[in-house]
Amino acid sequence: MAQYAVLIYSPAPADPMSITPDYLELLDRYPAQVTELGGEIVTGFALQPSTTATAIRGDVVTDGPFIEAKEVVAGFFILEAPDLDVALQIAKLNPATRDGGVEVRPLFVPPDA
Amino acid sequence: MTGNVRAEVERAVADAHRREWAFVLAATARVAGDFDVAEECVQDAYIAALDAWVRDGVPHKPGAWLTATAKRKALDILRRDKVFRSKMPLLMEPDETEMDAAAMDKDDDAVPDDRLRLIFTCCHPALAQEAQVALTLRLVCGVSTGDIARAFLVAEPTMAARLTRAKKKISAARIPYRVPGASELPERLDAVLTVIHLLYTTGHTAPTGADLLRADLVDRALHLTRMLHALMPDEPEVRGLLALLLLTDARRATRTDADGRLLVLEQQDRSRWDRAAIDEGQHLVVGAFRTGRVGRYALQAAIASLHAVAVSYAATDWRQVVGLYDRLLTVWPSPVVALNRAVAVSMVHGPEPALAEIDALEQDGRLADYQYLPAVRADLLRRLGRHREAAAAYRAALDLATNEAERRFLESRLGEVVDSDSGRSSEG
């Protein structure tokens, strides 16, 4: 099994408090679908809206997310899956793909010393 | 005498490189679990073959010999180096490794064919398309990085970096080494066919430079499609692509004149088209249509076959061509298809209605940088005798055309319409 970070992107400011009831319903169903496809969610977090983010570049501190964009990181979870095909199948079912999207990124495992 | 043996062995090794590379690499990759290690071992096996075959004679099955040698080298590396061992599970499906070790020394008939896995992994949609193309040439066809770089007009270090990045992603993200299951197959197969078709079209009309045809890429694409057809004989779109390539390639010798100038379909000497390729292509088209699952490659092949059997451009069954383009648009709603359909429409209903379709395509905007849009417009206007407008359209096409042979064609057509325009009108 490999581990992937699945980064959730939603339209800014991605406020978890304004999630619609039908989106919540899809989210409720998600863990069961993950298991059915042969994956497992190790851990996951939702973030406060991007309006609460603070970015630091060099020594300049600015209000807002690091990259200004239409979509912002809304949360992420760590997914365990046998391979990328399974991870992508699972990621495709995430409700965030409806009006935003997700990024699947393998976790770095340091080579055996 | 020895010199003869050496030369003979060198020929046998070169032949095995061309025929067996994909087979040897695909099988070795499964043992090595890593494309870099596999590549190195396969290279070494080919080098080892030179001496071994001089000493022991060329083996009965060169591919099996090379595979066994490369696999043995891979296993040696894995045993020796623990760092590689950590890479091992990346590509392998664990249940198959033991069986594979047992099958290693048997005849190649006993070893399952891994070439399909190799092709599907190289053309995985998680890789950028240019990386898919480069990987396919490097790993499936065994083309050197330098040659791939030259074919795609990039510097060799750029191409090497592209290949390294792609191989690294395959292993880091665990892109699996397997043929996709039935539910994913149509989409994944389409990606494979797209890569092969792209190779063909890149070779067929080199995007820049003096040669209209980069024959090597065309041959590689044909070879790959034949391989795929042998591995998946029942897939109608594989048949369709093979048919399309054969029927298009049948015109290879007639696409330019003795000076390398481009000849359009209308000007080509049809008696010099490759009849054997046309027959084979047509046979495949019929087979693909018989399955009842007709896709975009089979439809394009069917159109190509109507051209192939017509005695002249004018005598082509244009009505049926238009009908096939209509079907093609339903499975593949591309503006390029609509443009080609407009050409066929002009042959059935005349240039005027075709011109209206070109107008619509220009409004659509998706073909704004596509040289064939103004080129087709120019040709329709020329046929209507509207030479001044035709000249403007030829100039627009020239602004977009990069291939030297095509540029010369457009320039000569431009010359014709400018001449007839100034001959008829004094306003210049």
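Colleague: Where is Arg174(B) found?

Modeller: Arg174(B) is found in the loop between H9 and H10 of chain B, where helices (H or I, at least four residues) and strands (E, at least two) are DSSP runs numbered from the N terminus. This is a predicted model, in which local features need pLDDT of at least 70 and side-chain atom pairs count only at pLDDT 80 or more, while totals for chains, interfaces and linings use all residues. Residues are numbered from 1 along each chain as its sequence is written, and chains are lettered from A and ligands numbered from 1 in the order in which they are written.

Colleague: What is the phi of Arg174(B), and is Arg174(B) buried or exposed?

Modeller: Its phi is positive, about 55°, although Arg174(B) is not a glycine. Most residues other than glycine have a negative phi. Arg174(B) counts as buried because it has 23 C-beta neighbours inside 10 Å; buried stands for 20 or more other C-beta atoms within 10 Å of the residue's own, exposed for 12 or fewer, and partly exposed for anything in between, with C-beta atoms placed from the backbone.

Colleague: And Leu153(B), where does that lie?

Modeller: Leu153(B) lies in the loop between helix H8 (145–151) and helix H9 (156–172) of chain B, and its phi is also positive, near 55°. Leu153(B) counts as exposed, because it has 11 C-beta neighbours inside 10 Å.

Colleague: Switching to helix packing, how do the axes of H10(B) and H11(B) cross?

Modeller: The axes of helix H10 (residues 185–204) and helix H11 (residues 215–231), both of chain B, come within 7 Å and cross at roughly 155°; axes are lines fitted to C-alpha atoms, for helices over the stretch in contact, and angles run from 0 to 180 degrees between N-to-C directions. H10(B) is therefore roughly antiparallel to H11(B), a label used for angles over 145 degrees, with under 35 being roughly parallel, 65 to 115 roughly perpendicular and the rest oblique.

Colleague: Which residues of H10(B) make the contact?

Modeller: On H10(B) they are Ile196(B), Leu199(B), Tyr200(B), Thr202(B), Gly203(B) and His204(B), and their partners on H11(B) include Leu217(B), Val218(B) and Leu224(B), with contact meaning C-beta atoms, placed from the backbone, that lie within 7 Å.

Colleague: Over to chain A, then: what is the strand order in the open sheet?

Modeller: The order is S2-S5-S1-S6, with 4 strands and antiparallel pairing, where two strands pair if DSSP finds at least two bridges between them. Strand S2 (40–46) and strand S6 (101–106) are the edge strands, each pairing on one side only, and neighbouring strands are turned by 20° against each other on average, direction ignored.

Colleague: How many bridges link S2(A) and S5(A)?

Modeller: S2(A) and strand S5 (residues 71–81) of chain A pair over 6 bridges, and Thr43(A) has Ile78(A) as its bridge partner in S5(A).

Colleague: Which strands does H2(A) lie across?

Modeller: Helix H2 (residues 84–92) of chain A lies across S1, S5 and S6 of chain A and runs at about 135° to S5(A). Because 7 of its 9 residues are buried, H2(A) is largely enclosed by the rest of the structure. Its buried residues, among them Leu84(A), Val86(A) and Ile90(A), pack against S1, H1, S5 and S6 of chain A.

Colleague: Last one, which residues does the cis peptide bond join?

Modeller: It joins Ala12(A) and Pro13(A), with omega about 5°, and Pro13(A) is found in the loop between strand S1 (2–11) and helix H1 (21–36) of chain A.

Definitions and conventions: Two residues are in contact if their C-beta atoms, placed from the backbone, lie within 7 Å.
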